[in-house]
Amino acid sequence: MKAFLSDSISCLVLLFLAEFIALSLSRPAHSPALCALFGSMAPQVERLLHLSKKLHDLELNLIAAADHRLDGLPRIPHTAAAFNTMKMNESISQLYNFTEVFRSHMDWLKTARENVSLPNQAAEGASRHLLQLAHLLNSTLHQVGAEVPQPSPLSLPVASSAFDALKFSVEISENLKAFSLWTKRSIRFLQRQSRCPRR
């Protein structure tokens, strides 16, 4: 009886060890370089979230909601299902692509605001942080051996008046805020996937 119990326990221990090893092998190894890149992205996203609220000085949310004209802005996948099915390389590529699209829109907005003599500090700051975020994502794609996607060229409207420029500012502001919040969640997901230590 003792021999039977001993054999049963040994089998259970071996099964547990085999399952533990298989689970460990299926998880990506901790990469200090990747974790450092993800950690550097977080402050850039926080600054973008802050600047998204400063892109316009007037409350034009109702007008912007009724008159979306920037069709090239990314549609952010907010659902829980979208996060549950995320894969690392695809997520980084999507983040990079979205960042570059927003950067193109922000550079366009800077010019549009300059042309109608509107203040430009927030747009300039957002453009700078988007560029830094794009550089970090580019480095991350190289780190994981993924191809850097090439964003499609955009067709953007003409802002013929200060009122137009303000409406576009509100539209970009709302979308940049949504993008920043989504990016924060995506970075946390990537940090968990990469087994980065919590700070």
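Reader: Is R103 buried, partly exposed or exposed, and what is the relative accessibility behind that?
Author: In this predicted model, R103 counts as partly exposed, because its relative accessibility is 22%.

Reader: Which side chain does R103 meet in a salt bridge?
Author: The partner is E100, with an N to O distance of 2.7 Å. Both residues belong to helix α5, where they sit 3 residues apart, about one turn of the helix.

Reader: And E100, buried or exposed?
Author: E100 counts as buried, because its relative accessibility is 12% and the limit for buried is under 20%.

Reader: How many salt bridges does the structure hold?
Author: There are 4 salt bridges in the structure. One of them joins D107 and K110, at 3.9 Å from N to O. D107 and K110 also lie in helix α5, 3 residues apart, about one turn of the helix. D107 is partly exposed at 28% relative accessibility, and K110 is partly exposed at 21%.

Reader: Which residue pairs with R69?
Author: R69 forms a salt bridge with D164, and the closest N and O atoms are 3.4 Å apart. R69 lies in the loop between α3 (61–66) and α4 (80–84), whereas D164 lies in helix α7, so the pair ties together parts that are 95 residues apart in sequence.

Reader: How do R69 and D164 stand on accessibility?
Author: R69 is partly exposed, with a relative accessible area of 32%. D164 counts as buried, at 11% relative accessibility.

Reader: Changing topic: where is S169 found?
Author: S169 is found in helix α7, which covers residues 162–193. S169 is buried, because its relative accessible area is 0%. Setting aside neighbours within four places in sequence, the contacts of S169 are L55, H56, L109 and R113.

Reader: What is L176 in contact with, leaving aside its neighbours within four places in sequence?
Author: The contacts of L176 are L48, S52, L55, F102, M106, A126 and L130.

Reader: How many helices and strands are in the chain?
Author: The chain has 7 helices and 0 strands. Of its 199 residues, 40% are buried. The chain exposes about 11700 Å², and carbon and sulfur atoms supply 57% of that area.

Reader: What share of the contacts between residues at least 6 apart in sequence join residues at least 24 apart?
Author: The share is 89%.

Reader: Now confidence: what does the chain average in pLDDT?
Author: The average pLDDT is 81, and 75% of the residues score at least 70.

How values were computed:
Residues numbered from 1 in each chain as written. Predicted model: local features only at pLDDT ≥ 70, side-chain atom pairs only at ≥ 80, totals over all residues. Heavy atoms only, no water. Helix = DSSP H or I, 4+ residues; strand = E, 2+ residues; numbered from the N terminus. Buried < 20%, exposed > 50% of the residue type's maximum accessible area, 1.4 Å probe, protein only. Contact = heavy atoms within 4.5 Å. pLDDT = per-residue confidence, 0-100. Areas by Shrake-Rupley, 256 points an atom, 1.4 Å probe, with all protein chains shown as cover.
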